[in-house]
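Please work through each task with the sequence and the model in view before reading its solution.

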Amino acid sequence: MTAEVLKTMSRPSTLIEWSDELAVGIQEIDDQHRLLVSILNRLHTAMYEHQGKEVAENILGELIDYTKIHFAVEESLMRILGYPEADEHKQHHEVLINEVKALQEKLHNGNRSISFELLHFLRMWLTKHIMNEDQLYAPFFLSKGAVATTDHKKSIVGRLWHSVFK
């Protein structure tokens, strides 16, 4: 993993800078990953600016909810397209959701050290998962007709999410 992907302090409110290294080359998935990065950066800002436990919990809840939607999209595409490693990939998703829920519970219960632990875990997991696990299915999806990434289009799930939460 390069320093560019894990760049954390270009400005204090940014935890992850989006880069081409995080792109898998599939329009819908890349747009969803950008939104995940955006929500994670909002959580980082809330913690950095000491906006309060309730704000952090709400953003973390949003991150978990959107992550579940994103995983459902990926897993549906895997089933539809017949991706041979779908079960293994789904297991990675289940592990993340369980770990994030455990961290969410620590935050809810007032564990003061959770902010660094949570942000570090989420940043590392997201970048590693995209750059390793998600990169594995991208060529398969593209070979089955998935729409390649363009800069001018916005994902369906992203448009719906923004219409609900903005």
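**Exercise 1.** Determine whether Thr67 is buried or exposed.

*Solution.* Thr67 counts as buried because its relative accessibility is 8%, where buried means under 20% relative accessible area (1.4 Å probe, protein chains only) and exposed over 50%. The model is predicted: local features need pLDDT of at least 70, side-chain atom pairs count only at pLDDT 80 or more, and totals for chains, interfaces and linings use all residues. Residues are numbered from 1 along each chain as its sequence is written, and side-chain values use heavy atoms, with hydrogens and water left out. Finally, list its contacts (heavy atoms within 4.5 Å): beyond neighbours within four places in sequence, Thr67 touches Leu36, Leu96 and Ile97.

**Exercise 2.** Identify which residues line the largest cavity, and classify them.

*Solution.* A cavity is a set of points on a 1 Å grid over the protein atoms alone where a 1.4 Å probe fits but cannot get out; lining residues have an atom within 4 Å of a point. The structure holds one cavity of 30 Å³ or more, and the largest has a volume of about 130 Å³, the space filled by probe spheres set on points joined across faces, edges and corners. Its lining includes Leu36, Thr67, Leu96 and Ile97. H1, H2, H3 and H4 each supply at least two lining residues, with the largest share, four, from H2. By class, eleven are nonpolar, one is polar and none is charged.

Terms used
1 Å grid on protein atoms, 1.4 Å probe; cavity = no way out; pocket = protein on both sides within 12 Å on 5 of 7 lines; lining within 4 Å. Nonpolar A, V, L, I, M, F, W, Y, C, P; charged D, E, K, R; others polar.
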